[in-house]
There are 4 protein chains.
Amino acid sequence: MDAATRLFITHGTSDTTVADITEAAHVAKGTFYLYFDSKEQLLAALKERFVDEMMTNALPFLERIGNEDWWALADAVADNMVDFTLEHADLCTFIMQQPHTPGTRDILADCEQKLNAIISGGIQVGIEAGAFNVQDPELAAVFMKNGTIHTVMEAILYERKPDRDRLVATVKALVRKILAP
Amino acid sequence: MDAATRLFITHGTSDTTVADITEAAHVAKGTFYLYFDSKEQLLAALKERFVDEMMTNALPFLERIGNEDWWALADAVADNMVDFTLEHADLCTFIMQQPHTPGTRDILADCEQKLNAIISGGIQVGIEAGAFNVQDPELAAVFMKNGTIHTVMEAILYERKPDRDRLVATVKALVRKILAP
Amino acid sequence: MDAATRLFITHGTSDTTVADITEAAHVAKGTFYLYFDSKEQLLAALKERFVDEMMTNALPFLERIGNEDWWALADAVADNMVDFTLEHADLCTFIMQQPHTPGTRDILADCEQKLNAIISGGIQVGIEAGAFNVQDPELAAVFMKNGTIHTVMEAILYERKPDRDRLVATVKALVRKILAP
Amino acid sequence: MDAATRLFITHGTSDTTVADITEAAHVAKGTFYLYFDSKEQLLAALKERFVDEMMTNALPFLERIGNEDWWALADAVADNMVDFTLEHADLCTFIMQQPHTPGTRDILADCEQKLNAIISGGIQVGIEAGAFNVQDPELAAVFMKNGTIHTVMEAILYERKPDRDRLVATVKALVRKILAP
DNA sequence: GATGAATGAGGCTTCATTCAT
DNA sequence: CATGAATGAAGCCTCATTCAT
C-alpha cells in the first residue's frame with residue numbers, strides 16, 4: 001500500500017500500473033492479487049485507510065466541545081487541521097482527485113459530511129453558549145474547513161517548504177474573525 | 001468538446017474513450033484526430049477554454065478596484081464567485097481532479113495564481129485605503145477563494161438543488177467578517 | 001472462423017489462444033474483437049454455424065416422408081448421415097467435445113433433439129403405413145443416429161482413410177434390420 | 001480424485017483450477033503435488049481408473065463366449081452396457097470430451113479398441129456357431145456399442161430420471177434384431 | 001507429510017491511433 | 001473533409017507450480 005501510494009501520488013492513478021506497484025514493493029505481480037481483488041479495490045482500501053486516519057484524528061475534538069475555553073478549542077482545531085493536511089498532503093491530493101463521480105455514495109463523501117457535522121455542531125454549541133456568533137453555522141463550517149485545507153494544499157503545491165507557522169497563524173486569525181460575535 | 005465534457009464529467013477522464021466521445025458527437029472516430037492531436041491534447045484544450053472563461057470572468061473586477069465602495073466590490077466578487085462556480089461546477093470538478101502531478105507547471109496552476117494575485121492585490125489596496133484590515137492578505141485571499149469555491153462544490157455534490165441565495169448570503173457575510181477591521 | 005476451426009480441431013479449444021487464431025488468419029489481435037465479443041462467443045458462433053448446416057442438411061428429408069418408397073428413404077437417410085459426418089468429422093469431434101455442462105440449454109442440444117424428433121417421427125409414420133416395425137421408435141431413432149455418427153467418427157479416428165462404401169453399406173444393412181417387421 | 005471428478009463434471013476440466021480441487025478435498029494446494037505431478041497427470045490418472053473399471057467390467061463376458069446360450073449372452077452384454085453407462089454417465093461424459101486430439105495414442109482409445117475387438121470377436125464366434133448373422137461384424141460391433149452408450153448418455157442428458165428398464169428393453173430388442181439371421 | 005504464500009509466464013481484452021478509401 | 005476497419009502495444013488478471021516453513 002505504501003509503494004502504491006508513492007506511485008499514485010507521483011504519477012497519477014491511471015498511469016501507475018499494477019506492475020509498477022509490485023515492482024516498487026519488490027514482489028511478483030501475482031502477489032498483488034493475494035491482497036487486493038483488483039487495482040480498483042486497492043484504491044478503495046487506500047481511501048478507507050485515509051478516512052480512518054481522518055476520523056481518528058478528528059474524534060478527540062468532539063469530546064472537548066463545551067469542556068474548555070471556546071477560543072482555545074477553535075485554535076486547537078485550526079492548528080490540527082493545518083498540521084493534518086500538511087502531513088497527509090500527498091494522500092489528500094490524489095485521494096480527493098479520485099473520480100468522485102456524482103451519485104457514487106462513497107466512503108470519502110460520508111467522512112467529509114461527518115466532519116462537517118462535527119465542526120458545525122461545535123460552532124452551534126459555542127453560539128448557544130454565547131461564545132461565538134455566526135449566521136449560518138453549517139455553511140460556515142464547510143467554508144472554514146475547505147478554506148483551511150485547500151489553502152494548505154495550495155501552499156504545498158506552489159512552495160517547496162510551506163511555512164507552517166504562517167499558515168497556522170493566518171488560519172487561526174481568520175477562524176477567530178469568522179466566529180467572533 | 002461539449003460531448004467530451006459531458007462524458008468526462010459523468011464517467012471520468014480515463015473511463016471515457018475516444019470512441020465514446022465521437023459516438024456522442026455523432027462523428028466517426030477518425031474525425032476526432034482532424035481536430036485534436038490526441039486525447040490528452042483535448043484535455044488541455046478543455047482546460048484552456050476553462051481557464052479563459054475564468055480569466056474573462058475575473059478581469060472586470062481588476063478594473064473596479066479602488067473605483068467604488070470597497071464593501072460593494074467585496075460583495076460583488078463574492079457574488080460572482082459563487083455564481084461562476086455554480087454554473088461551471090461540473091467542469092470545475094473534473095478539471096480540478098486532473099492529475100495535477102506536482103511539478104507539472106500547467107495552465108490551470110498559472111491561472112489560479114493569477115486569480116490569487118488579483119484578489120490579494122485588491123485586499124491590499126483596500127487595506128491601504130483603510131477600508132479592510134487583514135493580517136496576511138495573500139493567504140487570506142487563498143483562504144476565501146477556496147472556502148467559497150469548495151463550499152459551493154460541496155453543496156452541489158450533496159444537494160440536488162443548491163440554495164444559491166443562502167450560499168451567496170453566507171459567503172458575503174463571512175468575507176465581510178474576514179475583511180472587517 | 002475457418003482459421004479458428006482448424007486450430008480448435010488440431011490443438012483443442014483451450015490450448016488455442018486468440019493470438020494463435022489471429023495469426024493464422026493473418027490479422028492483428030485486436031481485429032478479432034471487431035467480429036467477436038470474446039473467445040467464448042466465437043465458439044458459440046461456430047456451434048451455431050454447425051447447427052445451421054446440420055438442420056439445412058436434415059430438413060429436405062422431412063418433406064420426403066410418406067412421399068416415396070420407405071426403404072429408399074431409409075437408405076437415403078443412412079447414406080446422407082454417413083456422408084455428412086464424414087465431411088464434418090473434425091467439426092463434429094470438437095463441437096461435441098465442448099463442455100456440454102449439464103443444465104446449459106444450448107443450441108446444440110436443441111438441434112440434436114429436433115433431429116431425433118424428425119427421425120423418430122419418420123419411423124412412426126412408416127410404422128403406421130405398415131412398412132416398418134419397431135417397438136420404441138423414439139429410442140430406436142436415437143440409437144441409430146448415435147450408432148451411425150459415432151461409428152463414422154471412430155472410423156475417422158482410427159483409420160487414415162475410412163472406407164466410405166463399407167460404412168454406408170453396413171449402416172444401411174443395420175438400419176434395415178432394425179426397421180424390418 | 002473424487003473431488004476432482006465432481007468438479008470436472010460440473011464445471012469442465014479447464015474451468016476447474018487446482019485450487020478448486022484442493023479446496024473441495026479440504027487439503028492445501030501444495031498437497032496436490034504430493035500425489036500428482038500436474039493437473040494434466042491427474043486427468044490421465046482419472047482416465048486410467050476409468051479404463052480399468054471398463055475393462056474389469058468387460059472381461060468376464062469374454063470368458064462366457066461360447067459357454068452358454070448365445071442370446072442370453074447378447075442380452076447380458078446389452079444389459080450390462082446400459083447399466084455401466086448409467087452408473088458412470090458423468091465420468092463418461094467428461095472423459096470422452098477430453099481433447100481427443102487426433103493422433104494422440106491414448107489409453108482411452110486403446111481401451112475402446114479392445115472393447116470393439118471383444119464384441120466383434122464374440123459376434124464372429126456366434127456367427128460361426130450359426131447363432132447370429134451379420135454382414136460386417138466389426139462395424140456392427142462399433143455401431144451397437146455406440147448406439148447403446150450414446151443413447152443412454154442422451155437419456156441422462158435430457159431426462160432427470162432416465163427409465164432404465166425402457167432403455168434395457170429397447171437395446172436388447174435392437175441388438176437381437178441386428179444379430180438375428 | 002502438509003501447508004499456503006509467493007511466483008511469473010501467459011492469456012484475454014481494451015483502446016488510442018493510423019490510413020486507405 | 002470524413003470515415004471506420006485495422007492495428008498492436010500495453011494493461012489487468014489467472015493459475016499451475018514451487019518451496020521455505
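Predicted model: local features only at pLDDT ≥ 70, side-chain atom pairs only at ≥ 80, totals over all residues.
Some conventions before the structure. Local features need pLDDT of at least 70 and side-chain atom pairs count only at pLDDT 80 or more, while totals for chains, interfaces and linings use all residues. Residues are numbered from 1 along each chain as its sequence is written, and chains are lettered from A, with ligands numbered from 1, in the order in which they are written.

I start with chain A. Chain A has 9 helices and 0 strands; helices (H or I, at least four residues) and strands (E, at least two) are DSSP runs, numbered from the N terminus. Along the principal axes, its C-alpha atoms fill a box of roughly 60 × 35 × 30 Å. Of the 181 residues in chain A, 33% are buried. Buried means 20 or more other C-beta atoms within 10 Å of the residue's own, exposed means 12 or fewer, and partly exposed is in between, with C-beta atoms placed from the backbone. Among chain A contacts between residues at least 6 apart in sequence, 63% join residues at least 24 apart; a contact means C-beta atoms, placed from the backbone, within 7 Å.

Next, one helix pair in that chain. The axes of helix 5 (residues 70-87) and helix 9 (residues 164-179) of chain A come within 9 Å and cross at roughly 140 degrees. Axes here are lines fitted to C-alpha atoms, for helices over the stretch in contact, and angles run from 0 to 180 degrees between N-to-C directions. Helix 5 and helix 9 of chain A are therefore oblique to each other, given that under 35 degrees counts as roughly parallel, over 145 as roughly antiparallel, 65 to 115 as roughly perpendicular and the rest as oblique. On the helix 5 side, the residues that meet helix 9 include A:Trp71, A:Ala78 and A:Leu86; on the helix 9 side they include A:Arg164, A:Val171 and A:Leu179. The residues of this contact divide into 10 nonpolar, no polar and 5 charged. Ala, Val, Leu, Ile, Met, Phe, Trp, Tyr, Cys and Pro count as nonpolar, Asp, Glu, Lys and Arg as charged, and the others, Gly among them, as polar.

Now the chain contacts. Between chain A and chain B, the contact takes 32 residues from chain A and 29 from chain B. Helix 8 of chain A gives the largest share of the chain A side, 12 residues. By class, that side has 13 nonpolar, 15 polar and 4 charged residues.

For the other pair, 31 residues of chain C are in contact with 30 residues of chain D. Helix 8 of chain C gives the most to the chain C side, with 12 residues. Chain A and chain C do not touch, and their nearest C-alpha atoms are 21 Å apart. No contact joins chain B and chain D either, with closest C-alpha atoms 30 Å apart.

Which residues touch the most other members of the largest nonpolar core? They are A:Ala140, A:Ile178, B:Ala140 and B:Ile178, in a core of 80 residues. A nonpolar core is a set of buried Ala, Val, Leu, Ile, Met, Phe, Trp, Tyr and Cys residues joined through C-beta atoms within 7 Å. A second, separate core has 78 residues, including C:Leu115 and D:Ala74.

B:Thr31 lies in helix 3 (residues 29-35) of chain B and counts as exposed, because it has 12 C-beta neighbours inside 10 Å.

Note on methods:
Contact = placed C-beta atoms within 7 Å.
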